[in-house]
Protein chains: 2
Amino acid sequence: MSKSIFYHAGCPVCISAEHDIINLVGENNVEVVNIGEDRSRIQEAENAGVNSVPALVTPNGNALHINFGASMADVKG
Amino acid sequence: MSKSIFYHAGCPVCISAEHDIINLVGENNVEVVNIGEDRSRIQEAENAGVNSVPALVTPNGNALHINFGASMADVKG
């Protein structure tokens with residue numbers, strides 16, 4: 001894949017980080033996924049190494065956890 | 001300022017994140033500061049809201065803490 005994926009769950013920390021990441025990386029270079037709403041993608045995020053949101057999975061597959069909004073357990077709970 | 005500043009302290013988590021951030025943002029758009037070596041800039045990082053490294057301070061002044069390498073207390077200690 002060539003795009004990064006930004007996973008979030010709609011929390012205020014997430015929204016703030018989303019704006020920063022889009023400004024930095026460019027809107028066309030990042031897919032934004034709200035796993036609070038699109039729960040079918042929670043497993044995909046976990047498989048990518050996402051332990052908390054907001055997180056950015058880079059094109060080379062690294063999970064960068066950014067600040068701290070919510071743990072995956074909180075998102076699933 | 002128009003550049004982001006990436007603060008790190010040379011730890012493995014920091015170096016990995018540095019590569020990811022440079023790939024994402026572009027080498028010319030980010031200043032990399034090792035506050036483990038350049039200790040005169042620790043205060044500047046703290047003033048920008050950096051609580052742990054690695055962290056990226058965006059052009060609009062937000063501190064994004066990325067994964068977790070070391071607390072500022074560890075860097076100073």
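Is A:His8 buried or exposed? In this predicted model, A:His8 has a relative accessibility of 6%, so it counts as buried, the cut-off being under 20%. Let's look around that residue and then at the rest of the structure.

A:His8 sits in strand 1 of chain A, which covers residues 4-8.

Now zoom out to chain A. You'll find three helices and four strands there, and if you walk along the sequence they come in the pattern β-α-β-α-β-β-α. Why call this chain compact? A compact globule of 77 residues would have a radius of gyration near 11 Å, and chain A has 11 Å, so the two agree. Along the principal axes, the C-alpha atoms fill a box of roughly 30 × 25 × 20 Å.

Here are some percentages for chain A:

| What is counted in chain A | Value |
|---|---|
| Buried residues, out of 77 residues | 45% |
| Contacts joining residues at least 24 apart, among those between residues at least 6 apart in sequence | 60% |
| Carbon and sulfur share of the accessible surface of about 3700 Å² | 47% |

What about charge? Chain A carries 4 positive and 9 negative side chains, and the centres of these two sets are 6 Å apart.

Next, the inside. In soluble globular proteins, nonpolar side chains tend to be buried together. Here the largest nonpolar core has 18 residues, and A:Leu56 and B:Leu56 are the ones touching the most other members. Helix 1 (12-25) and strand 4 (63-71) of chain A each give two or more residues to this core, and so do helix 1 (12-25) and strand 4 (63-71) of chain B.

Take a closer look at B:Leu56. Not counting residues up to four places away in sequence, B:Leu56 touches A:Leu24 over in chain A. Within chain B, the residues it touches include B:Ser4, B:Ile5, B:Phe6, B:Ile21 and B:Val30, along with B:Asn62, B:Ala63, B:Leu64 and B:Ile66.

How far is B:Val57 from B:Asp74 in space? They are 17 residues apart in sequence, and their C-alpha atoms are 19 Å apart.

Definitions and conventions:
Residues are numbered from 1 along each chain as its sequence is written. Chains are lettered from A and ligands numbered from 1 in the order in which they are written. This is a predicted model: local features need pLDDT of at least 70, side-chain atom pairs count only at pLDDT 80 or more; totals for chains, interfaces and linings use all residues. Side-chain values use heavy atoms; hydrogens and water are left out. The radius of gyration is taken over C-alpha atoms; the globule rule is 2.2 Å times the number of residues to the power 0.38. Buried means under 20% relative accessible area, exposed over 50%, partly exposed in between (1.4 Å probe, protein chains only). Contact means heavy atoms within 4.5 Å. Accessible areas come from the Shrake-Rupley method with a 1.4 Å probe; for residues, only the protein chains shown count as cover. Lys and Arg count as positive and Asp and Glu as negative; His and the chain ends are not counted. The place of a charge is taken as NZ of Lys, CZ of Arg, CG of Asp or CD of Glu. A nonpolar core is a set of buried Ala, Val, Leu, Ile, Met, Phe, Trp, Tyr and Cys residues joined through side-chain atoms within 4.5 Å.
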